[in-house]
Amino acid sequence: MAEWLKSLIVSIGGGTVVLVGILTIFKRLLIKLFESGIQSSFEKNLEKFKNNLERSTKAYEILLDREMRFYEKLEPITAELIPLEHDLLYNLKHDERADREEQCEAFREHFKRYCELGIELKNESLIHQSYIPQEVFSAYASVVKQMQDDIPLWSNMAKFLFAGEYDKIEYENCETALDTFLMRFAFAETLARKRLKQLSGEDITQASGGI
């Protein structure tokens, strides 16, 4: 074989070995860089996800806290308002055994408190409107509206009471107003209880048990 051909083969062979070695080194470096890039990207994405999750959790906790505060505010209002509404009608009824002045004073105090509770319920509903379901807000807004609509009726009947003109008191209309109020309030309370069960997971548990 000619010397120049042998030299060429040796040269090519040696170059190939060097090239293979270089490629092997670069391959390892590329793999290492690729793995490092993936790990770095994963860590960044994981940190971003954790931050977003933390912010979302805090926001949910704030919203939930505000909603629960609304239901807590309702408890004393409800406990006082329901019997107070009954007392308004009761104090209008004529009772020969009762002192009329005391009866008038009782109605005056109850009616004054009735108006105050209506304002409290309205304010609490408006303050927490952004934190409670729309259907719950609408239901309590309906209760407030009913109370406001009934104010002229109770006020006019009070005038007859103070004048001792019991025969002019519209007891049937007062009973209708009372029944309407109780119906609207019961509907609002039902929606509130349903929402609380939903938040506690009770609805989901019952649905799963029924399947």
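Mentor: Before we count anything: helices are DSSP runs of H or I with at least four residues, strands are runs of E with at least two, and both are numbered from the N terminus. What you have above is a predicted model, where local features need pLDDT of at least 70, side-chain atom pairs count only at pLDDT 80 or more, and totals for chains, interfaces and linings use all residues. Residues are numbered from 1 along each chain as its sequence is written, and side-chain values use heavy atoms, with hydrogens and water left out.

Trainee: What share of the residues counts as buried?

Mentor: Buried is under 20% relative accessible area, exposed is over 50%, and partly exposed is in between (1.4 Å probe, protein chains only). The accessible surface, from the Shrake-Rupley method with a 1.4 Å probe, is about 14,500 Å², and carbon and sulfur atoms own 59% of that. Out of the 211 residues, the buried share is 24%.

Trainee: And of the contacts between residues at least 6 apart in sequence, what percentage joins residues at least 24 apart?

Mentor: A contact means heavy atoms within 4.5 Å. Among those contacts in the protein, the part joining residues at least 24 apart is 77%.

Trainee: Now the packing. At roughly what angle do the axes of α2 and α3 cross?

Mentor: Two packed helices are described by the angle between their axes and the distance between the axes. An axis is a line fitted to C-alpha atoms, for helices over the stretch in contact, and angles run from 0 to 180 degrees between N-to-C directions. For α2 (residues 100-127) and α3 (residues 134-163), the axes come within 10 Å and cross at roughly 160°. Over 145 degrees counts as roughly antiparallel (under 35 is roughly parallel, 65 to 115 roughly perpendicular, the rest oblique), so α2 and α3 are roughly antiparallel.

Trainee: Is that crossing of α2 and α3 left-handed or right-handed?

Mentor: You call it left-handed if the near helix is turned anticlockwise from the far one by less than a right angle, and right-handed if clockwise. By that rule, the crossing of α2 and α3 is left-handed.

Trainee: How many residues of the contact of α2 with α3 are nonpolar?

Mentor: Nonpolar covers Ala, Val, Leu, Ile, Met, Phe, Trp, Tyr, Cys and Pro; Asp, Glu, Lys and Arg are charged; the others, Gly among them, are polar. The contact has five polar and four charged residues, and the nonpolar count is 19.

Trainee: Why does Ser-125 count as buried?

Mentor: Ser-125 sits in α2. Beyond four places in sequence, Ser-125 touches Phe-70, Phe-137 and Tyr-140. Ser-125 is buried because its relative accessible area is 3%.

Trainee: How far apart are the C-alpha atoms of Leu-178 and Leu-89?

Mentor: Leu-178 belongs to α4 and is buried, at 7% relative accessibility. Not counting residues up to four places away, Leu-178 touches Glu-85, His-86 and Leu-89. Leu-178 and Leu-89 are 89 residues apart along the chain, yet their C-alpha separation is 8.0 Å.

Trainee: Last one: which residues is Thr-78 in contact with, beyond four places in sequence?

Mentor: Thr-78 lies in α1 (residues 3-92). At 15% relative accessibility, Thr-78 is buried. The contacts of Thr-78 beyond those neighbours are Pro-83, Phe-185 and Glu-189.
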